[in-house]
Amino acid sequence: MLVFIIRRLIQAVLVMLTVSLLAFVLFRYIGDPVTIMLGQDATEQDRVQLRASLGLDQPAPVQFTRFVGQAVQGEFGLSLRQAQPVSTLLKERLPATVELSVVAACLALLVGLPLGVYTALKRNGFLAQSVLAFSLLGISLPTFLIGILLILIFSVQLGWLPSYGRGEVVRLGWWSTGLLTWDGIKHLILPAITLCLFQLTLILRLVRSEMLEVLRADYIKFARARGLSRRAIHFGHALKNTMVPVITITGLQLGGIIAFAIVTETVFQWPGMGLLFIQAVQFADIPVMAAYLCLIALVFVVINLLVDLLYFLVDPRLRSQLSGAKGH
Amino acid sequence: MKKTLLAATLAALVAVPLAGHAKTLKWSSQGDFMTMDPHAQNENLIITASSYVYEPLVDYDKDFKIVPSLATAWEQREPTVWRFTLRDGVKFHNGEPFTADDVVFSIQRALAPTSNFKAYVNGVEKAVKVDEKTVDIITSAPNPVLLRQLTNVFIMNKDWSEKNKATQPQDFNKNEETYSSRNTNGTGPYKLKSREVDVRTVFVENEQWWNKDKKIGNVTEVIYTPIKQNATRTAALLSGEVDLVLDPPAQDLQRLRQQAKIVEGNEYRTIFLGLDQKSPELKYSSIKGKNPFADQRVREALYLAIDTEAIKKAVMRGSSAPTGTMIAPQVHGWTQALAQRVPYDLNKSKQLLKDAGYENSLSFTLDCPNNRYINDEAICQAIVGMWAKAGVKATLNAMPRATYFPKVQNYDTSAYMFGWGVPTFDALYTLQSLMHSKGQGADGSFNFGNYNNAEVDTLIDQIKTETDTAKRDAAIHKVLEIHAKEFGHIPLHDQIIPWAMAKNVDVIHRADNRMAAQWVTVK
């Protein structure tokens, strides 16, 4: 058990190192922030000086070592665009992204799950068929387009909901939340719908197919034969067994939602980490880009690690396999 | 229940300011102010923000004539000594009186090594306090554009800066932000109320502003929001969530013209092409062993083959002003005669190429940004097509600005597109950077094609210090003439920039693309 955990941890560290190396090397070549920082009046001398003082003139391995050394201490240097510590920027942006992602995930679950069950139970119903047809839209339309369409309808045409930004926020310590004001909630609706739509349809289709699978299983037939009520069969037996894969997928998707919030955040000018990243790209703000990529990688690595460990605890077969493997 | 309560409280809060005669202006553009320090970053948007809070000694009026601001009068006592009389009764936002010490301090601050505003105190040696209300500015040599430069040097409060350890402009390589990058204390029409980087910056009216009685506009609160996404920015304007968009996307202009309002004007920025005329062999060309661009006939041929009227019509949809010179009409030194383009002439172009020995054989790469100037990539595309008609095969190499500018600034180009604005509104700024051969400081700092003419160099050096306006103007015209005759660069057009706004908003359009909130009227 301990060996397994340690091995997974080492793997995780290696993944993180690789990601940070990739991030770092890639971003070396996307442009030179110095020219943008100095503007058109700067002399060659100014440029050389700034490049030297930012450490951009040193060889890449030296820069990378310094980057990792600081990153381990949670220090990603100074944003070239805003001249603020990157860690402060990320901390400021984290609440916006987390709130948007969590609300989107909840929305996807709360709507996707019942709809999935419904479409499985009423397989041939008109409503179920329409929901399924509609869900195709969610899968196939790009997030970007959905966002723009929603803005066009609900902001420009109807004027019901705001088209950009986070609205009024309340500060709770370092955490800022938009969930406590009506204005903040109004601003959250369109981005959350946009971000959740893909996940929602994914969950809907997953639940539906799992449910159909389970309903064909023998124990359901036996339950029917025993004369249990439909309700008890569907929700007590079938749904329960459907949930295992659904929970796994949903957990993994949360990482995806946070990472892919970039598009939604850009469309709605949502002041989260994704928007920070996009703005950093345009400015060739290397520290911010590298830090963001590492953070997202960390989220994925941690979630995967947790899932692996949970499997290990839940599934006894894995344990026996491991002890068996010792002999080799 | 709680939500309702909160909503009600909020509604009440919002309703209170509306009760008075307060007018709020919400405006937006793509990027955010990078800092609030008025001497740290020489970038147009930041200077716009600084000009709400801070004021210079002298300022521009709406026709770019110099008018008094914090200085009420000035005289040139000696060729290198300017004496400024300061305005009485001006107070900083924190209540401190404005004095000569503040001016001396601010000029010194703009001269500091970490300052990005050195261009605007170029040639200034120091500022000396004569008495509480008089300051001398000493220049190292006679400086005919000093006043124009000073319109960009904002005056800060000495005590406040010292107390908050902000005596030096914010330095991007120190591991902390300075107090002045998020806090301000100026004398200007607006006070900084709140600042959330990339989210929202709010300014409120300075009730004690010395010029309040003569204020042109009626805006009492300014809310700036950066909106990166083009479509979202347009949507925000159409849905009434913002009142003004500084950089409306070109594809939405038609619609905005109908549903909102567009105000257009010439920008002080000239778009042109540069050609590497010095390298012994072009880096990106099929011609080996020699440099075709060193041949004036080739440069002329490329010029003649470009139909700028067609670009204006097809690419810019009417929004450009084709020009034959390197400076825009607002810039001191411009004349109608100089701006006359040599007419489009495809046959002559072909003949010139033939004479030079490049009939249907010249090929090279044209570097072009794709997110810096209005329709930049499309313009380059059109030009490549036009050259093809003359038998020149140019390959378009378009890239985002973060990659483009370093490439060009490293002289890693054979032909490139560039745009040049003139914040001082004086031709010297263009002449020195683009046409002077590479030298100290700003001399030739953006002359990436290495245009080189000894006579031009001498004339430009003379323009720098000549205080006799007539002589100076003659020299400026001479340089522009020589440069045009030698086709040192290929000027294309002056940009016309649209601002989009709600129908109830009246603005004064500025050629430097600065949105002066104190000049805006909201009906």
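Trainee: Which hand does the crossing of helix 15 of chain B and helix 16 of chain B have?

Mentor: Helix 15 of chain B passes helix 16 of chain B in a left-handed crossing, where left-handed has the near helix turned anticlockwise from the far one by less than a right angle, and right-handed has it turned clockwise. This is a predicted model, in which local features need pLDDT of at least 70 and side-chain atom pairs count only at pLDDT 80 or more, while totals for chains, interfaces and linings use all residues. Residues are numbered from 1 along each chain as its sequence is written, chains are lettered from A in the order in which they are written, and side-chain values use heavy atoms, leaving out hydrogens and water.

Trainee: And at what angle do those two pack?

Mentor: Helix 15 (residues 454-465) of chain B and helix 16 (residues 469-485) of chain B pack at about 150°, with axes 9 Å apart, the axes being lines fitted to C-alpha atoms over the stretch in contact and the angles running from 0 to 180 degrees between N-to-C directions. They are therefore roughly antiparallel to each other, a label for angles over 145 degrees, with under 35 roughly parallel, 65 to 115 roughly perpendicular and the rest oblique. Helices here are DSSP runs of H or I with at least four residues, strands are E runs of at least two, and both are numbered from the N terminus.

Trainee: Which residues of helix 15 of chain B meet helix 16 of chain B?

Mentor: E455(B), V456(B), L459(B), I460(B) and I463(B) do, and among their partners in helix 16 of chain B are R472(B), K478(B) and I482(B), contact meaning heavy atoms within 4.5 Å.

Trainee: Is D136(B) buried or exposed?

Mentor: D136(B) counts as buried, at 9% relative accessibility, where buried means under 20% relative accessible area, exposed over 50% and partly exposed in between, using a 1.4 Å probe and protein chains only.

Trainee: What does K348(B) pair with?

Mentor: K348(B) meets E300(B) in a salt bridge of 3.4 Å, N to O. K348(B) is in helix 11 (residues 346-356) of chain B and E300(B) in helix 8 (residues 296-304) of chain B, so parts 48 residues apart in sequence are tied together. K348(B) counts as partly exposed at 39% relative accessibility, whereas E300(B) counts as buried at 14%.

Trainee: Back to helices: how do helix 5 and helix 10 of chain A cross?

Mentor: The axes of helix 5 (residues 86-121) of chain A and helix 10 of chain A come within 9 Å and cross at roughly 145°, and the crossing is right-handed. By class, their contact has 13 nonpolar, four polar and one charged residues.

Methods:
A salt bridge is a side-chain nitrogen of Lys or Arg within 4 Å of a carboxyl oxygen of Asp or Glu. Ala, Val, Leu, Ile, Met, Phe, Trp, Tyr, Cys and Pro count as nonpolar, Asp, Glu, Lys and Arg as charged, and the others, Gly among them, as polar.
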